[in-house]
Amino acid sequence: MHRIITLRLIIIIGLFNLYSFPVEAQTFYIAPLGDDNASGNREKPLATIKEARNRIRTLRSKQELLDTVYVKIFPGTYFLNEVVTFNEEDSGTSQSPTVYTSATNERPVISGGIGTGRFEMERPDLWKVFIPETRFGLSFEQLYINGERRFRAQTPNKGDFFQIGEMDKTILDGSGERTKFSVHKVVPQKQDMDFLSDIEKEEEDRVQVTFYHKWETVSKPIEYINQMDKSFYVSGKKMYHATEDSYYYISNYRKALDAPGEWFLQQDGWLYYKPKQGETTENVNATIPVTEQFLIIKGTELNPVQHIRFENIRFETVGFRTPVNGYESNQAAAQIDATIMLDHVENIEFFNCDIAHTGLHAIWFRENCSSSKVENCHLYDLGGGGVKIGTAWSPKVPKDKPVTNHIVLNNNIIQHGGYVFPSAVGVIIFNASDNKVTHNDIANFRYTGVSSGWVWGYAYSPAQRNKIEFNHIHHLGWGELSDMGGVYTLGDSKGTTVSNNVIHHVYSSGYGGWGLYNDEGTTDIVMENNLVYACKDAGYHQHYGKNNIIRNNIFALIEKSAIQVSRVEEHLSYTFTNNIIYQDKGEIISDVWGGENGMKINVNYDYNLYWKAKDPSPEFYGLSFAEWKKSDKDKNSIIANPQFVNPVNYDFRFRNNSNARKIKFKPFDYTKAGVYGSDSWKQKAQIPAELELKFNEVIKKIVK
C-alpha cells in the first residue's frame, strides 16, 4: 500500500514539473538607495527601472504569470544617463500586464538631468558656475532654474524678432522653393546690424540663427560673417520659404547675454546666468539635461510590445542638442522625435503621469501602434508638441492594412510647448485612424492646437474616423508663425468629427489665425457644436475640400471675418447650416466668391443666424443680405441678435434663444469642453494670469 502511494506521489510530482502551474502576482520595488543586486522586495529594493525590467523579462521567459506584475517605485529622483528600452520580451498579457507605478501617494521622478553646483556671484546681475562634465564632452542647450525653463542668450530678446533686410539665395542643387541644397547671404536691416560686430571671432562657429518661415522654422549655424558689407551666410537642405519676409533671431554668443533669465555656456565650461528678480544664489537650483529621451518601446510587426502601463510617475528634464549642420523643422516639426517613442505596440497606457521640461515632443505612438491610451496626464514645458499619433510618412502598405489606430488621449493637460520647435502641434494625428482626442486642455503653443491628416489633396488618406471632441484649445500662435488653426485638417477624413470643442485666442504672424481650418483636400469631415471666438483671421476657414459639414457652431468676435474660403472648385465644397455668427468689427465672410470665368464657389448655406453688433445690415461679398439670398444662399437664414448673456466677456449662454430656434439651432453646453475631475485638476489647466496678459499684449501688436 505504501509503495502504491509513493508511486502516485512520484507521478504527481512529475506531472507538476512537466506542466508548470501559473504563479501569483509578482511585485518588485525600486528605491533611490536600492541595490540592483538585491532581491527586489520591499525590504531590499532595486535601484533602477532597467533592472526591474530585466527581472520581469527573465520571469516571463520561464513562467506563465497568472496576475499583474507590479514595479512599485518609492518617492525620490531617479537619474537616467541613457534611455530605457523595452522590446517584445517585455510584453505582458491581458491577464498579466506589467504596471510601473508609485509605491506611495507621492510620485517618483524619472530625470534625464543633473544638478549644477551653486552659482557664484561675478557681480550682482551676473552669476557663474563651472560645469565639470563639459570636460568629458557634455553640451546642453536647455537650462531649468527651480523647475522653470530659462532661455539661452539671444538677440533680440525672447518674444522679439529681426526681419530680414535682404537675402540672396544661391541654389547649388535642385530647383524651386524647396531646393536640395542652397546658400543664403543675409543682410540685416540697417538698424539691426550691430549684433554682427558683437560676435567675437572665436564664437562665430557656435552662433546660431533661427528663421521663422510661415509654418516652419530653420535653425542653422552662421558659417561666415562679412564685417565689410555687414552680412552673414548660412546654408542647408530644403530651407523652404526662406525669404526677405522671414523673421529671425541670433543666439549663443556672450554679448547677447543681456536680459534677466538668459544664460550662456562658454567653451571652457563656465555657465553664466543673469538672475531674475527675487533669485539669489542660495534659493536657486539649476538643472541641465544629459539625455534626450526617457523611454523607447519598440516591438516588431509580428511581435508588438503589449500590456505595459505607467502610472503616477513624473518624467522630467531631458534636452535637445542641435546637430552640427543645424536642422530644418518642417510643418508640425513632423520629423522630430519624442521623449517617449513607441513603435509596434498594443495596449500601452500612461495614466496620471507628468512629462515636463523637454527638448523634444512628449510622446509619439508612431508605427503600427494600437489600442493604447494617455489619460489624466500633464504634459507641459515642452520643446516640441504633446502627443503625435501615426507615421509622418505615407504608409507603404495596401489601403486595407492597419496603420496606427485606436489611440485614446483623454482628460490631459497639454500646455506650454514649442519652445525649441515652434512649429510643433499640441496633438497631431498623422497617418492613423480611429483615434479619440477628447476632453483635453491644449494651450500656449506657437502653432496649431490639434491637427488631423497628413495627405495633401484628394489622394487616399488613412486618417479616417478620428474623433476630436470636447477639447478646450486656446492661446495659440503668439504671432510667430502663419497658416495655423485651433483644429487643422488635411485630406480624406471620412468619419472624422470635430465637435463640442471650445477654441479661442488663435493669433498668427501673417495670414491664418483660424479656429477651424480645413486645409488642402479635407473631405467628408463633420464639424458641429463648437464654440469658436477671439481668433485672428476666421472662425471657420476652408482652403479647399469636398463635402464637409459645418453645423450648429457658434463663431464670434473674429478679427477679420467669421467665415473664409480660399479656392473655387466645381464640386460641393461644404455645407454650412444652423450656425450662429456674432461679429463686432470683423466681416461675416471674406475671400473667394467668384472664381475664374465668373464661376462661383459651390457651397450650401442655410438656416444660419448672422449678427454684426455695429452694423444692422452686414454685407456678404459686397452684397446685401437680400442680394446674397438671390444667389441661392441662406434662403432660411436670418439677421438677428442671438441674445447672448455677455458676448464681449465671452459668455455665450442665451438670455433668450427664440432667434436661435428660428434656425433650428440646438443649444449645447460648451462648459463641458476641457478636462474634468477634481477642482485641483481643473485649476491646473488654467493658464497663469501673467501669461494671458502677455498674450493680450501680443494681440495688440498684431492687430494695431
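Which strand gives the most to the lining of the largest cavity? Strand 11 does, with 4 residues.

## Basis of the model

This is a predicted model, in which local features need pLDDT of at least 70, side-chain atom pairs count only at pLDDT 80 or more, and totals for chains, interfaces and linings use all residues. Residues are numbered from 1 along each chain as its sequence is written, and side-chain values use heavy atoms, with hydrogens and water left out.

## Cavities

A cavity is a set of points, on a 1 Å grid over the protein atoms alone, where a 1.4 Å probe fits but cannot get out; lining residues have an atom within 4 Å of a point. The count is 5 cavities of 30 Å³ or more. The largest cavity holds about 280 Å³, a volume being the space filled by probe spheres set on the points, with grid points joined across faces, edges and corners.

Its lining has 18 residues, and Glu141, Arg152, Tyr249, Tyr419 and Val420 lie nearest the centre. Two or more lining residues come from each of strand 11 (148-152), strand 15 (208-213) and strand 19 (247-251). Strands here are DSSP runs (E, at least two residues) and helices are DSSP runs (H or I, at least four), numbered from the N terminus. The lining divides into 6 nonpolar, 7 polar and 5 charged residues. In this scheme Ala, Val, Leu, Ile, Met, Phe, Trp, Tyr, Cys and Pro are nonpolar, Asp, Glu, Lys and Arg are charged, and the others, Gly among them, are polar.

## Cysteines

The structure holds 0 disulfides (a disulfide is a pair of cysteine sulfur atoms within 2.5 Å). For Cys353, the nearest cysteine sulfur is that of Cys377, 4.8 Å away. Cys353 has a relative accessible area of 2% and is buried (buried means under 20%, exposed over 50%, partly exposed in between, with a 1.4 Å probe and protein chains only). Cys535 is also buried, at 0%.

## Salt bridges

There are 36 salt bridges, each a side-chain nitrogen of Lys or Arg within 4 Å of a carboxyl oxygen of Asp or Glu. Arg57 and Asp90 form one at 2.8 Å, N to O. This pair joins helix 2 to the loop between strand 4 and strand 5 (98-102), across 33 residues, and both Arg57 and Asp90 are buried.

Asp354 pairs with Arg107 at 3.2 Å between the closest N and O atoms. Asp354 lies in strand 29 (residues 354-356) and Arg107 in the loop between strand 5 and strand 6 (109-111), 247 residues apart. Asp354 is buried at 4% relative accessibility, whereas Arg107 is partly exposed at 23%. A network of salt bridges links Arg107, Arg314, Glu316 and Asp354.

Conventions. On a 1 Å grid over the protein atoms alone, a cavity is a set of points where a 1.4 Å probe fits but cannot get out, and a pocket is an open set with protein on both sides within 12 Å along at least five of seven lines; lining residues have an atom within 4 Å of a point.
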